[in-house]
Amino acid sequence: MSIFMSLPRYNSLPHFFETIVEQYADYTFLLEKTNGSYQGTTYRQVREQVHAFAAGLISLGFEKGDRATMLCEGCNNWVVSELGIFFAGGINVPMSVKLNESHELMYRILHSESKFVMVSSRQAGKIRAIRGQLPLVQKLIVLDGEIENTETEISFAAVLEQGKHYLQTNQSEFENIWKSVQPGDIANICYTSGTTAEPKGIMLSHDNYISNVFQAYSLFEIDHTWRTLLILPWDHAFAHTVGIYCMMGKGASLASVDLGKSPMDVIKNIPLNIKEVKPNMLLSVPALATNFKKNIEKGIRDKGRLTQMLFKHALNVAYRYNGNGQEKGKGLRFLLKPLVSLYDAVLFKKVRASFGGNLKFFVGGGALLDIEFQRFFYAIGIPMLQGYGLTEAAPIISANNLEQHLFGSSGRLVADLELKICDEHGNELPAGYAGEIVVRGRNTMLGYWKNEEATAKSLKHGWLYTGDLGYVVPTGFFYVLGRFKSLLIADDGEKYSPETIEEAFCAESPFIDQCMLHNNQNPYTICLVVPNKEQLLSYLKHKHLNPESKEGHEHALLKIEMEIQKFRENGHHTQKFPQRWLPGSIGILAESFNEQNGLMNSTLKMVRGKITDRYKDRITHMYTSEGKTILNTLNFRDVAELLGSK
C-alpha cells in the first residue's frame, strides 16, 4: 500500500542544510517584515547566523544532547535558533505560544530537562514568572528586544557576538560537533496537548524529518522560485516540516506574518501579508479554511445581489465540471469548459488576486476538512488539498495533490511508508474495511521522552498505532474518519465517528459556529451547539423581531433546529449521513469552545473530554423529555445570554 522509492540519506539536518546552502547560497530563504516591507535573507546569510548562534550556545556551556525550549512566534530568529541548536548537537523543544498556564510551561520545561529557554519578548514574561522554579535552566535567551537581568538572561545579538568570537579560534571544534550529529539522534521533543493526561514528549530524529521531507516531495513538486507565508504556529509538526524544511530543501522562500503590536494585529495582517508575499502555496487547517471561505463570500455579498447570483451560478457550473475532483472535465463535462473558463476570467481570477495571484493550492491538515470546502476552493482555482498526518509520523502520511485529487479522501500515501488497517485487537483488516490506521516508515517517531509505557502502547515491532480510524479503497485513495478511540457508541453498540458530521453542520450553516456530538451508548445522539451571534441577530432583524424578546429567542432556537433538520429526511442534505447518527436533542451554548477555557487545544481541536465534563449536567438534561425539545429552559437561558439580554 505504499509507493516505493529510495529516499536520500543525510547524516543530520545540519548536513542537509549545508548541502542546500551550497546549491542555493544567494537565493532568498527567509522573508520578514521590516520598516514597512518584506526584506529577504539569503541562504548564505542565514548559515552565517546559524553558525554564530550555535557557536554562541557552545561557548555558554551547551553540550551535545542538551535540550533547549523555544517559546516564540514565527520569525527569522525561530529558524536560526532551531538550526543553531542542531548545529550545537542539541535538541529543540518547541512550544506553542498559546500555552498560558504556568503549570503547562513548567511541566514541559522540567520534564524535558531544558538547559536554555529561548523566548520572544512577547513570551518572556511567562518564563520570568516561573524562573525561580526552573532549577536546570541556565539562561533565558531573548530572541528580540531587551533583557531584564544580565545574570540570568542574554540577548540573541549577544549570543551571536559570543559565537563569532568562539569561531575565530574554535572553527575545527565547531565543525566536529555538528558533523558528529547522527541520523538517529533526537532533533525535537514535541509535546502533545495533554488533553487526557500529562502531555507526552514525542521524540523525532533528524532522519525522521529528512525522510518526511522527501516523502512529501513524492506528492508535491515545488522549486526554488516558490514562496510561502507560514500562517500556522511554527511549533506545529505540519508547519514545521512542510512550511520550513520542505521549502528549505528546494531552495524556496519562507515568509513570516507581521506580528504588529498585538494578537489582533496578526489576524488583520494575514490577508495583507498574503497579498505582499504572493505565495505559491499556503498551509491551512479547517479553522483557517472557514475564515478564508467566509471572507470570500462576504466580499462577494458586498458587491451586490447581481454579483452574488452570478458567483453562485459560476460555482454550480464549476462543481458540475469538476465532479469529485478525479472526474474534472471528463465525459460530457468537457462541454462546460468554455463556460468555466469564462467564469474563471471574470470572477474566480479576481478572488485569487486577494491571495496574491500566484497561489496554486492550499495544503490542508490538522483535522478533517468538509467536502463542501474542498469543492468550493477547487472551483475557484486554488484547491484545498486535504492530507493526513500526526506529529508521531513527523507528520505527513498522505495527501491529495493536483494530479490525483479525490474530494473527501486524504489522498494517497507518501513514498516509502507501509500501512495497514487493524481492528481493536490489532488484527489486520482487508482493504475497504475501517479500522485503526497503523504505519511503519523512516518518518515514524523514536518514542515518547521518558515514557516507556506510552511508547510501548504506540510503537509495536516498528509499527506506529495512530489511534485514528480510516480505510483504503482499491484505487489507493486513503480515507480518515476520525479518532479511533473517540468514536460515538449508540445504544445498539454501533460505533461511528462524529467529526465529519460536526464539520458538515458548521460548514453548511452560517448559523452554527461550533458543535460537538455526544453519544455513549445512549438512546440517541445529542449535539451541543455554539451559534453564530451575528447571523442570528441579522436573521431576527430581517424578521423584525426584538433579539431581547422571548419571541426573538424562540425564533432563534427554532432557526438552529431548522439548520440541523436540513440533514434529516426530505432535507437539503438528507443523503449525507445515516439518520440514526443525527442528533435527537440540541443544546445551545452561549460560550464558545476556545483555548482560554481549555475546551480547545493549541492545534484548534475540540477537547471532547473536557467539554463533556464541563457540560455533564447539561448533557444529562438533554436526555430528559423537557431537555429533548429545542424550546427548553436552559436553551432559552443561553440564547438570551448570547444575544445580549440581561
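Two strands count as paired if DSSP finds at least two bridges between them. Strand 27 (residues 525-531) and strand 28 pass that test, with five bridges joining them, and they run parallel. Keep in mind as you look around that this is a predicted model.

- Strands in a sheet pair through backbone hydrogen bonds, in either a parallel or an antiparallel way.
- Here three strands make an open sheet, and their order is 25-27-28 with mixed pairing.
- Strand 25 (512-518) and strand 28 (583-588) sit at the edges with a single partner strand each, so one side of each has no neighbour in the sheet.
- From one strand to the next, the twist averages 25°.
- Helix 15 lies across strand 25, strand 27 and strand 28, and it runs at about 155° to strand 25.

- How many of the five residues of strand 3 (residues 67-71) are buried? Five of the five are, which leaves this strand mostly covered.
- Both faces of strand 3 are covered, with Arg 67, Thr 69 and Leu 71 buried on one side and Ala 68 and Met 70 buried on the other.
- Strand 3 is joined to strand 4 (residues 91-95) by five bridges, and the two run parallel.
- Within strand 4, Met 95 is the residue opposite Leu 71.
- Going from strand 3 to strand 4, the chain passes through helix 3 (residues 76-87), and this β-α-β crossover is right-handed.
- Five bridges also link strand 3 to strand 5 (residues 114-119), again with the strands running parallel.
- Ala 68 has Phe 116 as its bridge partner in strand 5.

**Two helices that cross**

- A pair of packed helices is described by the angle between their axes and the distance between those axes.
- For helix 17 (residues 550-565) and helix 21 (residues 633-642), the axes come within 10 Å and cross at roughly 105°.
- Angles from 65 to 115 degrees count as roughly perpendicular, and that is why helix 17 is described as roughly perpendicular to helix 21.
- Helix 17 brings Lys 550, His 553, Glu 554, Ala 556 and Leu 557 to the contact, while helix 21 brings Asn 635, Phe 636, Val 639 and Ala 640.
- By type, the residues of this contact are five nonpolar, two polar and two charged.

**Helix 13 and what covers it**

- Which residues of helix 13 (residues 371-379) are buried? They are Phe 373, Gln 374, Phe 376, Phe 377, Tyr 378 and Ala 379.
- Among the elements covering these buried residues are helix 10 (286-302), helix 11 (305-322), helix 12 (337-353), strand 13 (361-364), strand 14 (384-389) and helix 15 (499-508).
- After helix 13 comes Gly 381, with a positive phi near 95°.

**Backbone details in the loops**

- Ala 394 and Pro 395 are joined by a cis peptide bond, with omega about -10°.
- Pro 395 belongs to the loop between strand 14 and strand 15 (396-399), and Ala 394 lies in the loop between strand 14 and strand 15 too.
- Ala 394 also has a positive phi, near 70°, although this residue is not a glycine.
- With a relative accessibility of 0%, Ala 394 counts as buried.
- Glu 113 is another non-glycine residue with a positive phi, about 55°.
- Look for Glu 113 in the loop between helix 4 (102-112) and strand 5.
- Is Glu 113 buried or partly exposed? Its relative accessibility is 35%, so Glu 113 counts as partly exposed.

- Ser 12 lies in the segment before helix 1 (13-24), and at 1% relative accessibility Ser 12 counts as buried.
- Beyond its neighbours within four places in sequence, Ser 12 is in contact with Trp 178, Val 181, His 206 and Ile 210.
- Gly 201 is part of strand 9 (residues 201-205) and is buried, with a relative accessible area of 1%.
- Not counting residues up to four places away in sequence, Gly 201 touches Ile 189, Cys 190, Tyr 191, Gly 447, Tyr 448 and Trp 449.
- Gly 201 and Phe 361 are 160 residues apart in sequence, and their C-alpha atoms are 32 Å apart in space.

Notes:
Residues numbered from 1 in each chain as written. Predicted model: local features only at pLDDT ≥ 70, side-chain atom pairs only at ≥ 80, totals over all residues. Heavy atoms only, no water. Axes fitted to C-alpha atoms, helices over the stretch in contact; angles between N-to-C directions. Helix = DSSP H or I, 4+ residues; strand = E, 2+ residues; numbered from the N terminus. Parallel < 35°, antiparallel > 145°, perpendicular 65-115°, else oblique. Contact = heavy atoms within 4.5 Å. Nonpolar A, V, L, I, M, F, W, Y, C, P; charged D, E, K, R; others polar. Buried < 20%, exposed > 50% of the residue type's maximum accessible area, 1.4 Å probe, protein only. Right-handed = clockwise from strand over helix to strand, strands pointing away.
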